[in-house]
Amino acid sequence: MSLRGFIEQARRARVLVEIHREVSPHLELARVAAALDGRPVLFHRVTGKFPVIVGAGSAREYYARALGVSADRLLPTLANALEHPRPPEIVESGVCQEIVEHGVDPSPSPSPSLRSGSGLRLLGAGLDCLPILTHLPTDPAPYITAGVAIIHDPDYGRNVSFHRLMVTGPRTVVARIVEGRGTDTAWRKAQDGLPVAICVGNSLPVLLAASMSPPKGVDELGIANAMQPTPLVQCKTVDLQVPAESEFVLEGHITHQLADEGPFLDLTETMDFVRQQPVIEIDCITRRQAAIYQALLPGKLEHKLLMGMPKEPTIFAAINEVCECRDVLITPGGTSWLHAVASIVKRRPEDGRRAIEAAFKGHGSLKHVVVVDDDINLHDPAEVEWAIATRFQADRDLVVFSDQPGSSLDPSATHVPGQKTRTAKMGLDATISWGASHKEYEKVRYEQVDANQYLGN
Ligand SMILES: Cc1cc2nc3c(=O)[nH]c(=O)nc-3n(C[C@H](O)[C@H](O)[C@H](O)COP(=O)(O)O)c2cc1C
């Protein structure tokens with residue numbers, strides 16, 4: 001189901017918020033969308049040209065509905081797609097190329113309209129046509145936040161991932177490209193610059209697949225296609241294929257020129273710092289006739305879910321290698337990246353500890369994990385805390401690892417430029433201790449009644 005299909009579905013399910021009042025992409029739209037976090041919001045009249053959708057993936061239920069499964073089947077659905085990618089069909093033509101803008105405005109950058117601080121003005125050329133959001137008054141420029149970058153690595157094939165893009169001119173952006181990941185390694189091999197196609201306005205399966213880090217050589221678009229048919233079409237100016245139902249495609253090259261990128265709000269809801277990052281030159285923009293621009297608010301629910309949820313199947317698989325795992329949740333309070341809870345069926349004394357070690361293998365950026373028995377509902381934070389309160393003893397069940405590779409997003413970790421972030425990690429084994437009588441640890445519940453029968457006269 002394309003992004004449009006999703007919008008229609010959300011409208012029918014009465015979860016779509018539709019805003020008809022004119023809104024500026026300069027600061028105003030992000031504020032309104034933040035106030036409505038957790039709902040898909042369609043801004044019909046945006047100063048500039050195109051309508052904007054924000055928050056399409058801001059709740060688990062939206063992914064479940066889009067994939068046609070119940071919320072509790074999301075994890076196995078993602079795990080299955082990750083394990084069994086299916087090569088997408090290549091089609092002759094796609095709606096993402098209804099309009100083709102070759103040779104975008106080569107006027108000197110940075111564009112005055114983008115730097116004036118007064119919001120975007122429609123110049124009719126290049127990126128200036130797009131309602132790209134400026135999110136915060138401290139932002140150095142407007143940012144494309146929901147762009148999915150497709151590149152080809154000569155050794156591993158296609159790689160698909162998110163890169164936030166700071167707009168510096170009508171045909172230039174600076175991309176945040178995390179070191180050592182797929183795009184970065186391919187870019188380092190490409191002496192003359194790396195061809196790239198950035199898709200904006202994607203289906204939920206494409207967004208999910210772009211957030212995953214499968215083993216090298218596994219095609220993320222094959223994973224998206226395993227979730228839902230995702231036909232691809234050949235790009236106009238680069239030898240890459242893109243989802244045919246994208247709203248916009250920006251074709252260009254990741255150059256070896258570097259420029260300041262940031263500061264910019266990140267997943268942790270703290271400001272990421274300024275780095276020298278690669279400049280991308282955009283040579284051609286293709287789009288749908290009446291395209292809808294997609295944005296994603298940094299640090300808000302959609303960003304959090306897209307980062308964390310695809311790690312649940314990898315943690316699940318890693319724990320299942322050592323003991324039986326029932327469920328995994330990356331929790332929103334832990335920035336949807338640094339914290340997880342997992343439930344297991346404990347069959348041996350060391351299963352809790354083994355599950356902790358496996359969880360860290362399943363998600364390298366994980367910092368803290370709580371392992372509980374399978375009678376605990378992971379989706380209820382009070383229940384997980386109850387398990388820690390009643391089943392955990394720190395001098396027996398706490399596991400601490402010092403000086404581990406950690407997440408670049410954690411402000412409290414040790415960051416040395418050019419080196420992998422270092423951090424301490426902690427696991428809490430909150431399972432019932434081996435040999436204890438389960439009866440003593442089970443939650444005693446009152447028998448249920450229909451209280452309505454006792455209300456009134
Ligand atoms: C919403 C969102 C924004 C992201 N922004 C960036 C980014 O700016 N730069 C980056 O390198 N990775 C970013 N990521 C993470 C990449 O998509 C992720 O690293 C990717 O899955 C790595 O896959 P790879 O190892 O196959 O390249 C973002 C992920 C999400 C979900």
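Q: Which residues is Asn202 in contact with, leaving aside its neighbours within four places in sequence?
A: In this predicted model, Asn202 is in contact with Leu3, Ala146, Val148, Leu207, Ser246 and Gln294. Asn202 itself sits in the loop between strand S10 (194–200) and H7.

Q: Why does Asn202 count as buried?
A: Buried means under 20% relative accessible area. Asn202 has 1% relative accessibility, so Asn202 counts as buried.

Q: What makes the pair formed by the side chain of Asn202 and the backbone oxygen of Cys199 a polar contact?
A: A polar atom of the Asn202 side chain lies 3.0 Å from the backbone oxygen of Cys199. The cut-off for a polar contact is 3.5 Å, so this pair is within it.

Q: Why is Ser343 called buried?
A: The threshold is under 20% relative accessible area, and Ser343 counts as buried because its relative accessibility is 2%. Ser343 is part of strand S19.

Q: What does Ser343 touch, not counting residues up to four places away in sequence?
A: Ser343 touches Glu324, Cys325, Arg326, Asp327, Val372, Asp373, Asp374 and Leu378.

Q: How do you know what span is expected for helix H11?
A: Helix H11 (residues 351–362) has 12 residues. The expected span is 1.5 Å times one less than the number of residues, which for H11 is given as 16 Å. From first C-alpha to last, H11 reaches 16 Å, close to that expectation.

Q: Which residues of H11 are buried, and what covers them?
A: The buried residues of H11 are Asp351, Gly352, Ala355, Ile356, Ala358, Ala359, Phe360 and Gly362. Their cover includes helix H10 (311–320) and strands S19 (339–345), S20 (368–373), S21 (398–405) and S22 (422–429).

Q: What polar side-chain atoms lie 3.2 Å, 2.5 Å and 3.5 Å from an oxygen atom of the ligand?
A: The 3.2 Å distance belongs to His163, the 2.5 Å distance to Arg181 and the 3.5 Å distance to Ser213. The protein covers 90% of the 630 Å² of accessible area that the ligand has on its own.

Q: How many residues surround the ligand, and which elements each supply at least two of them?
A: The ligand is surrounded by 19 residues, the closest being Arg164, Arg176, Val178, Arg181 and Met212. Strand S7 (157–162), helix H7 (204–211) and helix H9 (301–308) each supply at least two residues of this shell. By class, the shell has 8 nonpolar, 7 polar and 4 charged residues.

Technical notes. Residues numbered from 1 in each chain as written. Predicted model: local features only at pLDDT ≥ 70, side-chain atom pairs only at ≥ 80, totals over all residues. Heavy atoms only, no water. Near = heavy atom within 4 Å. Polar contact = N/O pair within 3.5 Å; in protein donor to acceptor, adjacent residues only side chain to side chain. Areas by Shrake-Rupley, 256 points an atom, 1.4 Å probe, with all protein chains shown as cover. Helix = DSSP H or I, 4+ residues; strand = E, 2+ residues; numbered from the N terminus. Nonpolar A, V, L, I, M, F, W, Y, C, P; charged D, E, K, R; others polar. Buried < 20%, exposed > 50% of the residue type's maximum accessible area, 1.4 Å probe, protein only. Contact = heavy atoms within 4.5 Å.
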